[in-house]
Amino acid sequence: MTAPSREHLQERFRYWCGKLRLTPGWDARLEWVDDPSWRKTGDVKIDCDDRKAILMLNAANPKQENLEEVIVHELMHLKLYPLDQMTESLIISNFEERSPARSFAYRQFFEALEITVEELAKCFLLEFGEDKELSFGRCAGMKSFGELFEGLGNLE
């Protein structure tokens, strides 16, 4: 299967901005990162004060096969950004800087945020997406369950 063109992904970006009711409230644009050393497949920059956002997609070496899925994922971060900022403010105001408790709270929050964003992205993609095939690109480079426990031996 051939990769979708930049023009087609721009159209899908506009579609998803509308479907998620981000526009006209936000000024959002899609940009391409052509740097082969950039390790992410997608990311988003958000300026809440000016209600502007830039979604960046990796054009050089994306790790995911379905870039529409990446678009939806990154736009979900924009949709959930007020909740993200409120939770981060609560962590900052309630835990001492560099404390283990603050590190733990941050780690738990960001893991939960990523899982939630990904689940919402999958739901919307499967319901409203053009390319409903989920990406498994990140899984390809991961160790299998058995590989994670090699060498541990009998735990009893």
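Arg12 lies in helix H1, where helices (H or I, at least four residues) and strands (E, at least two) are DSSP runs that are numbered from the N terminus. At 6% relative accessibility, Arg12 counts as buried, since the term buried stands for under 20% relative accessible area, exposed for over 50%, and partly exposed for what is in between (1.4 Å probe, protein chains only). This is a predicted model, in which local features need pLDDT of at least 70 and side-chain atom pairs count only at pLDDT 80 or more, while totals for chains, interfaces and linings use all residues. Residues are numbered from 1 along each chain as its sequence is written, and side-chain values use heavy atoms, with hydrogens and water left out.

**Arg12 and its surroundings**

- Leaving aside residues up to four places away in sequence, Arg12 touches Glu68, Phe128, Gly129 and Glu130, where a contact means heavy atoms within 4.5 Å.
- Arg12 and Gln108 are 96 residues apart in sequence, and their C-alpha atoms are 32 Å apart in space.

**The chain as a whole**

- The protein chain holds six helices and three strands, and when it is read along the sequence these follow the pattern α-β-β-β-α-α-α-α-α.
- Along its principal axes, the C-alpha trace of the protein chain spans about 55 × 45 × 30 Å.
- Of the 156 residues of the protein chain, 33% count as buried.
- Among the contacts between residues at least 6 apart in sequence, 65% join residues that are at least 24 apart.
- The protein chain exposes about 10500 Å², and carbon and sulfur atoms supply 55% of this area, with accessible areas coming from the Shrake-Rupley method with a 1.4 Å probe; for residues, only the protein chains shown count as cover.
- The mean positions of the 20 positive and 29 negative charges of the protein chain are 3 Å apart. In this count Lys and Arg are positive and Asp and Glu are negative, while His and the chain ends are not counted; the place of a charge is taken as NZ of Lys, CZ of Arg, CG of Asp or CD of Glu.

**The sheet**

- Three strands form an open sheet in the order S1-S3-S2, with mixed pairing, and two strands are said to pair if DSSP finds at least two bridges between them.
- Strand S1 (27–33) and strand S2 (42–47) stand at the edges and have a single partner strand each, so one side of each is left without a neighbour in the sheet.
- Neighbouring strands of this sheet are turned by 20° against each other on average, direction ignored, where axes are lines fitted to C-alpha atoms, for helices over the stretch in contact, and angles run from 0 to 180 degrees between N-to-C directions.
- Strands of a sheet pair through backbone hydrogen bonds, either parallel or antiparallel.
- S1 and strand S3 (residues 52–58) run parallel and are joined by seven bridges, and the bridge partner of Trp32 in S3 is Leu57.
- S2 and S3 run antiparallel and are joined by six bridges, and Gly42 stands opposite Leu57 in S3.
- S3 is mostly covered, as five of its seven residues are buried.
- Helix H2 (residues 67–79) lies across S2 and S3, and it runs at about 25° to S2.

- Most residues other than glycine have a negative phi, and most peptide bonds are trans.
- S2 and S3 form a hairpin with four residues between them, and in this turn Arg51 has a positive phi of about 50°.
- Arg21 is found in the loop between H1 and S1, has a positive phi near 60°, and counts as exposed at 72% relative accessibility.
- Pro24 has its place in the loop between helix H1 (6–19) and S1, and a cis peptide bond with an omega of about 15° joins Thr23 and Pro24.
- Arg98 sits in the loop between helix H3 (81–94) and helix H4 (100–128); its phi is near 65°, a positive value, and at 76% relative accessibility Arg98 counts as exposed.
- Asp35 has its place in the loop between S1 and S2, and with a relative accessible area of 38% Asp35 is partly exposed.
- Asp35 and Asn61 are 26 residues apart along the chain, and their C-alpha atoms are separated by 8.5 Å.
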